[in-house]
Amino acid sequence: MTGDEIVALSKKHTITEYVPQDAVNPIPVARAKGVYFWTPESKRFIDFNSQLMSVNIGHGDPRVIAAITEQAQRVTYVTPAMTTEVRARLGAKLADITPGDIDAFFFTNGGAEANENAFKIARAVTGRQKILARYRSYHGGTAAAIAATGDPRGWSQPPMPGIVHVLDPYHGVARGWDDAATSLRYLEEVIQLEGPHTIAAFILETVTGTNGVLVPPDGYLQGVRALCDEHGILMIADEVMSGFGRTGKWFAIEHWGVVPDMITMAKGLTSSYIQLGAVGIRRHLADHFKDKMFPGGLTYSSHPVACAAALATIAVYEEDGLIARAQQTGELLKTLHADLAARHPSVGVTRSIGLFGVIELVRNRQTLEPMAPLNGTSPEMAALGKFFREEGLFTFVRWHYFFTNPPLCITEAELREGIAIIDHGLEITDKAVQS
């Protein structure tokens, strides 16, 4: 099929997420390899967002494809009440690489289900019902996960009893950051006003993803851990986006030396070659269910083909040294970000940790007025997104910012190739800057 035929048939018979369907204008993809993908007409794109910040090892790795094929030839599916070698080996491998004494795992189909089940576990263990979550967060599109989500994707859903939102340390490009102490004082006040004995868990993205790659101030995560310990609240680290090398560590929380009670994962677990998520649980929490029913179940939990893909993906991270490469290439990304900020007046703020990056655009370098409003766009941002597409660069352009999140296997030359396109594109937004 041609690209136009694929798009037309897809729009007629399928639904695209989080967008009015009349506005859907997808890129048709025929093949992908490494950091690139191509349309049926052979237009090449550099994937500067790893699709959904998830194809961490790059596209089309033959080692993962071979593992998927081999497992499919052996056994494609068994009920989760049975088990397989790949399930057993994956649990043991994850126990080796996750922080602290997290060594038991419930496998899901993706990140939203991992978070849903983390809530169930927290409520079952503590006997409490409330879940704290932050406003600048995204935890998935299912019922409880979207209720915990604080960004505008959750606005269309009715509030869910038991979900309580708190403010982040970050308050937008114009206002900036609270320090850790200020933010923790606010959090402790909310805990006291809600009643510590009613709160089962606090879920937070270790490094917030689609709401702006928000790297927490030093001391914040340690303070959250201390507050949770003080009040018997379980700490859930959502590492669906920030895990598996994205920040230059296996999991972002390792940068701050904190062990959460639960860690949720997906995306980079299989580099999105096959759907798989998981909830990692500390040993004492897992032991709670030795003589009590575990409150969750999924038809495709521990799917053998997905487990095989995960094992092979983790092996690629190790064999190719991708965790260290993300840290090293991330230092180059910081330098390239700084160069863009020095030369383009529309660049208000840049942030990155490893290969997890964002560039926030402004109309005024003094007031830091954003180039587009919250949950909105502007002619300049629309034009920038159009330019990226025309020039063969794929990344998310959201509100007044866009992301720089390429696969961890990207080379210096490929990284500079993507940044060069961005460099030219920023001439569009520079024209809107008020002197």
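A crossing of two helices is left-handed if the near helix is turned anticlockwise from the far one by less than a right angle, and right-handed if clockwise. Helices (H or I, at least four residues) and strands (E, at least two) are DSSP runs, numbered from the N terminus.

This is a predicted model, in which local features need pLDDT of at least 70, side-chain atom pairs count only at pLDDT 80 or more, and totals for chains, interfaces and linings use all residues. Residues are numbered from 1 along each chain as its sequence is written, and side-chain values use heavy atoms, with hydrogens and water left out.

Helix H12 passes helix H13 in a right-handed crossing. Their axes (lines fitted to C-alpha atoms over the stretch in contact, with angles from 0 to 180 degrees between N-to-C directions) come within 9 Å and cross at roughly 155°. H12 and H13 are therefore roughly antiparallel, a term for angles over 145 degrees. Residues making the contact (heavy atoms within 4.5 Å) include Leu384 and Phe387 of H12 and Ile421 and Gly425 of H13.

H13 also lies across strands E11, E12 and E15, running at about 175° to E15. These strands belong to an open antiparallel sheet of four, ordered E11-E12-E15-E14; two strands pair if DSSP finds at least two bridges between them. E11 and E14 stand at the edges with a single partner strand each, so one side of each has no neighbour in the sheet. E12 and E15 are joined by four bridges, and Gly357 stands opposite Thr404 in E15.

| Element | Residues |
|---|---|
| Helix H12 | residues 379-390 |
| Helix H13 | residues 412-430 |
| Strand E12 | residues 356-361 |
| Strand E15 | residues 401-404 |

Conventions. Parallel < 35°, antiparallel > 145°, perpendicular 65-115°, else oblique.
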